[in-house]
Amino acid sequence: MTDTAAEINPVSQMMGILQRSGRENFVEKNQWESSLCALLLALEPRCRTYRLLEALPYDSRKMTQQSMLNTFAHLGYFARPVTTQLRDIDPRLLPCLFIGESGRPAIILEQKAGHFKVYVDGHVKKISKGDRAAEIGEAWIFARYDENRAVTSKFMRAGSGKSWFSALLGRFRTTFGQILLACLMLNVIALSTPLFIMLIYDRVIAAGAPEILPMLAVGACIAIGFEWVLRRARSQGLSWLAARMDNIVGNKIFSHLIGLPPSLIERASVAAQIARIKTFESVRDFFSGSVFLSMLELPFVAIAALAIYAVAGPLVLVPLAMVACYGLLFWTIHKKVRIAIRLAAKASSARQQFAIETFEKIQGVRGNGLSKTWRSKFRELSGREMLAHFRLNWLGMMAETAAHAITLIAAVATVGFGVHMIWAGMMSTGALVATMILVWRVLMPFYSLCTMIPRLEQLRNSIMQVNMLMDIDTEAMEAVTAARLPKIRGQVSFKNAGINYGEDTDPVFSNLNFDARPGDFVIVTGENGSGKTTLLKLIKGLYKTTSGAVQIDGFDIRQLDAPDLRRQIAYIPQQADFFQGTIFENLRLGNPMASQEDIERALQMADVWNEVAAMPAGLGTIIGRYGADALPSSLATRLSLARAYLHTAPILLIDELPNALLSSRAGKNLKDYLARTKGKRTCIMVSYREDFINLADTLVVLRRGETPMAGARETITETINKQEAA
């Protein structure tokens, strides 16, 4: 074995970068961490640091085999294990992860000239294909995951004609087959109970032959044992199916929601978004509940019907007639329930949305003395909801009562016709008792379905909502055909740009034209509601223009990968957002490679370093948006300013900041920073202050209902002064 020191450097460099990003577990003695870096460099040499950081586990504990495989799954790689000898690995499958009998990970990089090049224990080694490569182990083969090959993808569904949910169910067809087989066997074994009772009546009691009773009892016990085993296996299969689908669909809905274009997400309320995530709960409960079991039993009702015909002949017409009655009942009630459940859902959504909006604006409600009015409004919405649910529940109770009546009629009719057949000598008493049991088995699934009509309609609506959600393209789907700019220069252009929030609303602004060259400083000003924040969000790719275009470096941003573009644009919003975590973690969101010194310097520029240093945990202080971890607005805004200093993107967007902050030391530092970065970093800032306007190269004035004004600061200022003088 020989070491190639030159090939250790890339791995060491990557581990050093990850260490500087706060991942203290990336040291050379940690074999799984170094193996991950070696394999990633072999699979994807140009992988961006932010992608790897996003794929790594949240905590910084030492990695394991499972966490390494999960990381590659998050990076978009599919892994499959193969038990083999090292020398038998096909070169076309390299690079791969090999775990031998010792349990140590090794990265098989390539095969050349009868040798394997292997990364193990921090070194690149050459192993001959002779006896040294005879070790048996587990080789993990990695391949890029192609989303279009998944049965639930839009591409595959376009060919199959299936909805997203039905395509997902196809993944579990083996499990469904096993469950249906268990149901078939259970229905066959279930015939032993009525047959056993019939034999007791006809062969033991009527014939006075108790000596055959022990033999029948043994047979019944065997049948009960088999039934218990099968029911247990079916229950386990159904529980696994419900849990697995809950996990897959719940995660998929959440990831799909946060991947939707921001303009779609912001239009829906918090209540609506939560309702979407909880949509699948009714589907999960369905697969683990009695209704699904009843549906599984439906195909096998024919077995019990054939058994009735075998022992009672024409008496089988009674349950068949009752099945027709159940069908008529289901069709009648279902039409009414479909309307009632929609009304109930709308009433519940209105009440929930009002409650959430109330608690979000509780200070305004109390401050304006609207508590009594708000209680009255809530009482009205609650009454509408309760009335809608009463009507829905009443229909459900009506269906259950009618279904119960049909069952009683079936029992009376079976006994009545059966007695006449006994008197006519067409059947025995035991056969009548057995028929009663079999009739119940025939009718029970239909009875359950009729009593669960509201739940079935709710299930149908939930599946429709899931399918509709999954048919909306996420930004990642749109980015497949979008272009990526490796590094933007910072030129921003508006070409006759306009936007409105809806088809029935007036434009926020229209026909906006201006060009900001790389390094220019642009001030956006105007009255409230004129679209200043919207303009910044257009540049950030959070909104799309409804007319004209916004261009970055000459490219229409609608043709660019939106998430990739946003990573190259720093943004200070009006409302600073922080996530549950330490101050250190929140500040490094825009620049994961920022050092401790960089963070201290940014905090000093934002005039917040002394306050952070005075906290008991310093940069390790846990902050958030709600509760005890929520920050005062002044502190949150300055931390947001520090985060923008750390994010050294070519374009900096600054929304309107409080006047008190701009008049403080933090504002003076910001002004000095903007003056220093002119010509180096394109900055677009919303402000009405003269001292910042005087620094601008370009001035954009937005006016509600009028064409915006934009151009050189001196020209626009002179035009405004003339208009005011006139």
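A nonpolar core is a set of buried Ala, Val, Leu, Ile, Met, Phe, Trp, Tyr and Cys residues joined through side-chain atoms within 4.5 Å. The model described here is predicted. In soluble globular proteins, nonpolar side chains tend to be buried together.

**Nonpolar cores**

- The largest nonpolar core has 47 residues, and the members that touch the most others are L587, L603, L639, I654, L670, L674 and M685.
- Helix α26, spanning residues 633–646, gives the most to this core, contributing eight residues.
- Leaving aside residues up to four places away in sequence, M685 touches F521, V522, I523, V524, I654, L662, L670, L674 and F692.
- Another core, of 40 residues, lies apart from the largest one; A307, A312, V318 and A344 are among its members.

**Overall form**

- The chain contains 30 helices and 18 strands.
- Its radius of gyration is 35 Å, whereas the globule rule gives 27 Å for 726 residues, so the chain is more spread out than a compact globule.
- Along the principal axes, the C-alpha atoms fill a box of roughly 115 × 85 × 50 Å.
- Among contacts with a separation of 6 or more, 73% join residues 24 or more positions apart.

**Burial and surface**

- Of the 726 residues, 44% count as buried.
- The accessible surface of the chain is about 38,000 Å², and carbon and sulfur atoms account for 58% of it.
- L181, L184, M185 and V188 form a nonpolar patch on the surface, with about 330 Å² of accessible area together.
- L181 lies in helix α7, residues 173–190, and is partly exposed, with a relative accessible area of 47%.

Terms used: Residues are numbered from 1 along each chain as its sequence is written. This is a predicted model: local features need pLDDT of at least 70, side-chain atom pairs count only at pLDDT 80 or more; totals for chains, interfaces and linings use all residues. Side-chain values use heavy atoms; hydrogens and water are left out. Patches are made of residues with over 30% relative accessible area and no salt bridge: like charges are joined within 9 Å, nonpolar side chains (Val, Leu, Ile, Met, Phe, Trp, Tyr) within 5 Å. Accessible areas come from the Shrake-Rupley method with a 1.4 Å probe; for residues, only the protein chains shown count as cover. A salt bridge is a side-chain nitrogen of Lys or Arg within 4 Å of a carboxyl oxygen of Asp or Glu. Helices (H or I, at least four residues) and strands (E, at least two) are DSSP runs, numbered from the N terminus. Buried means under 20% relative accessible area, exposed over 50%, partly exposed in between (1.4 Å probe, protein chains only). Contact means heavy atoms within 4.5 Å. The radius of gyration is taken over C-alpha atoms; the globule rule is 2.2 Å times the number of residues to the power 0.38.
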